[in-house]
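Biologist: I am new to this structure. Please walk me through it, one feature at a time.

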Amino acid sequence: MGLIALLVGLGCGILLAAVTLGLLGAVLEAHAVVDGAHAVARGAAGVLVIGALLGWGSGLPALETVSGTVGQEALEGPVLSLLLMAALAVPLRVEDSARAGWSSSLLYVPGWMLASTSLVLMVTPGRAPTSSDWVTPVRFSLAVCGGIGGRALGQALQAALSRRAALTWPGTMAYGLLTFICGTAGLVNLWQRGGLWVASDPVLRGGMSGAWLAWTADWLMPRRYARLGAAMTLVAALLLVLAAVKPV
Amino acid sequence: MVHLALIRGSMAEQSPDPWRVVWRFAISDRMLVVLLVGIALGLTLTAWIPQQPSSDVDYARWLSQMQARFGDATPLLQTLGLFRITSSLTFRGLLAVLAGILLLRVAEGMDRLGRGRDSAKVEGDWEEVDDWDFASLLEALRGRHYRVQRASSEAQVDRWPWSLVLPLAAHVGALLLLLGLLLFQVFGWRATDVILQERERVSLQEGAGWMALGEDGELRHDPSIVAFLGETGPGVVAEAVDAEGEPLGLVLKPDAEPSGTLRVALTGDAYFAIPSAELVVRLTPRSDEPYARADVQIYGSPTGEIIAEMVTDKGGHAAFDVSAVSDGAQVTLAFTTAPYVRATAIHNPGRLPAAVGVAVLVLGVVGSLVWTEQRFWVRESGEKVEGVGPLPAWLCPEKEEV
């Protein structure tokens, strides 16, 4: 097993501990435990960021010597995107208003799920290799966007299942970034290939456009329907994550 | 009677104008949200369900792939139209309705932009704004680049004109993008998998455009189209001469004119004939590599008897001597490597509106995300400061909690 699998496993474990501590703190009404949970989650985010950086960087010529140590052979396709998304989906700072209560544990659920899925894919033998070269600017940007979207997903989960409003910036940033990525990809395609999505693979074409429209709908959703808005954010973020990891 | 007329008059005043109701419904955010969700659903499905190709050549291969993937559910998916989502009437209808609604929203936005210069009526209920005194609040608002229009103890605050101009730009951009797509659909065309070899020029869409591959491998094309190269593969230029060194005519298709030089793209097994020597040549590439070796089989015609079997050199070059079937005279066959490329050509009259539309749309959306706040009001009420409208989060942090 490579170094990255170990790091992701460690990150998953720490995140699970953070979720458990958060729930325990809420049940015991012990604020120190809740604060501890958030500190632990920051540690998990750090571990996952190191894993993601090693994963994406192991393909670079300068790091060829360490590719065997990090277990690069297990890092094909969606695993790389999942890793980066998991690292970015863990919130580093939780507002005081969102911190109290059991629901703050939900903020770490998307990060934990993404990290767990990448770990399962990494250790599963006989996975079908992806046909195309995964490390492209669009795939990387989508993964970054999906990671921030994952953070918005956690906040939407919290908003939907409790009576706490979500912070808007992760969603706004994910939507803004996705708009920029889709727009730039569309303009480049129009210039080089004469059409908006000509010769781009259908997964990226349908996934990115669908996710962008869903985020637009989420952005336009009147804010007085808080839970409906949270559900919309949830759907949009899920679509974005799926588009970022779907192989051709 | 007078009483009845008064009641009718009063009812007429109270009942809203139906056109106004329809207008409000059409430009409402809810309507746009529903439409966008519908279109998003359709587009997302295309990422998971491969869509039916437009050309008949690819259809059979695509259908067998779908049957292998979806099994017995394939006919059901086909009946539901899930293999032709983006070309379906429903999807195009949704896009048309979206364009109509965007047009109405642009008209409304222009109207609001015109009205935005003046002070508007206060809308909503006043709520207390904690931790601020009126003068320092106005100072803070100006410091954050809000436009503050003060009238005695009340002030109207907005981001005019950006809070209106940027969403308007997003709408105009989306409209231009849809116009670009429509222009391509109606007047545009696309030619895919056009096979080209060095120094070859092909005519496209019955003379509507052309493409050529230069000696340097550079693609040249009609200025009205955009063309790009795809995958490459093996190919040869074939020539044949008789014992006296006179060139012999070669034909690729039965009805074609004989030619001294023949370009053959080896996309699979390829055949050509040398009618004057009664020979047929079969070429089979050993791989898809551009400079792959090829197996050459030469048959007598019409007997079908194999006269010679050879392999081209590494790189695809070769020269063979064989005997003609008719008179036993020597025929020299020469092959020069000439890899083929698959090219795609697109004529898109909607390219410029679409490009401008995308740029304006991105600018409008990203700008709107930065300048999100709409108009609100603040006032001094005795010791307290009150606000009404969509107050920014930094002004009343308790609004963060639902």
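Predicted model: local features only at pLDDT ≥ 70, side-chain atom pairs only at ≥ 80, totals over all residues.

Biologist: What is the secondary structure of chain A?

Modeller: Chain A has ten helices and zero strands. Read from the N terminus, the order is α-α-α-α-α-α-α-α-α-α.

Biologist: How many residues does chain A have, and what share of them count as buried?

Modeller: Burial here is a count of neighbours: a residue is buried if 20 or more other C-beta atoms lie within 10 Å of its own. Chain A has 248 residues, and 53% of them count as buried. Among contacts in chain A with a separation of 6 or more, 79% join residues 24 or more positions apart.

Biologist: At what angle do helix 6 and helix 7 of chain A pack?

Modeller: Take the angle and the axis distance together. Helix 6 of chain A and helix 7 (residues 137-161) of chain A pack at about 130 degrees, and their axes are 7 Å apart. Therefore helix 6 of chain A is oblique to helix 7 of chain A.

Biologist: Which residues of helix 6 and helix 7 of chain A meet?

Modeller: From helix 6 of chain A come A:Val109, A:Pro110, A:Gly111 and A:Leu114. Helix 7 of chain A answers with A:Gly150, A:Leu153, A:Gly154 and A:Leu157. The residues of this contact are five nonpolar, three polar and no charged.

Biologist: How many residues does the contact take from chain A and from chain B?

Modeller: Treat a chain contact as two sides again. Chain A supplies 37 residues and chain B supplies 33. On the chain A side, helix 8 (169-193), helix 9 (202-220) and helix 10 (226-245) are the elements that give two or more residues. That side divides into 19 nonpolar, 14 polar and four charged residues.

Biologist: How is chain B divided into domains?

Modeller: Watch for a domain built from two segments. Domain 1 of chain B is 119-158 + 373-402, and domain 2 of chain B is 233-341. Their C-alpha centres lie 85 Å apart.

Terms used
Residues numbered from 1 in each chain as written. Chains lettered and ligands numbered in written order. Helix = DSSP H or I, 4+ residues; strand = E, 2+ residues; numbered from the N terminus. Buried ≥ 20, exposed ≤ 12 C-beta atoms within 10 Å, placed from the backbone. Contact = placed C-beta atoms within 7 Å. Nonpolar A, V, L, I, M, F, W, Y, C, P; charged D, E, K, R; others polar. Domains from an automatic or database assignment. Axes fitted to C-alpha atoms, helices over the stretch in contact; angles between N-to-C directions. Parallel < 35°, antiparallel > 145°, perpendicular 65-115°, else oblique.
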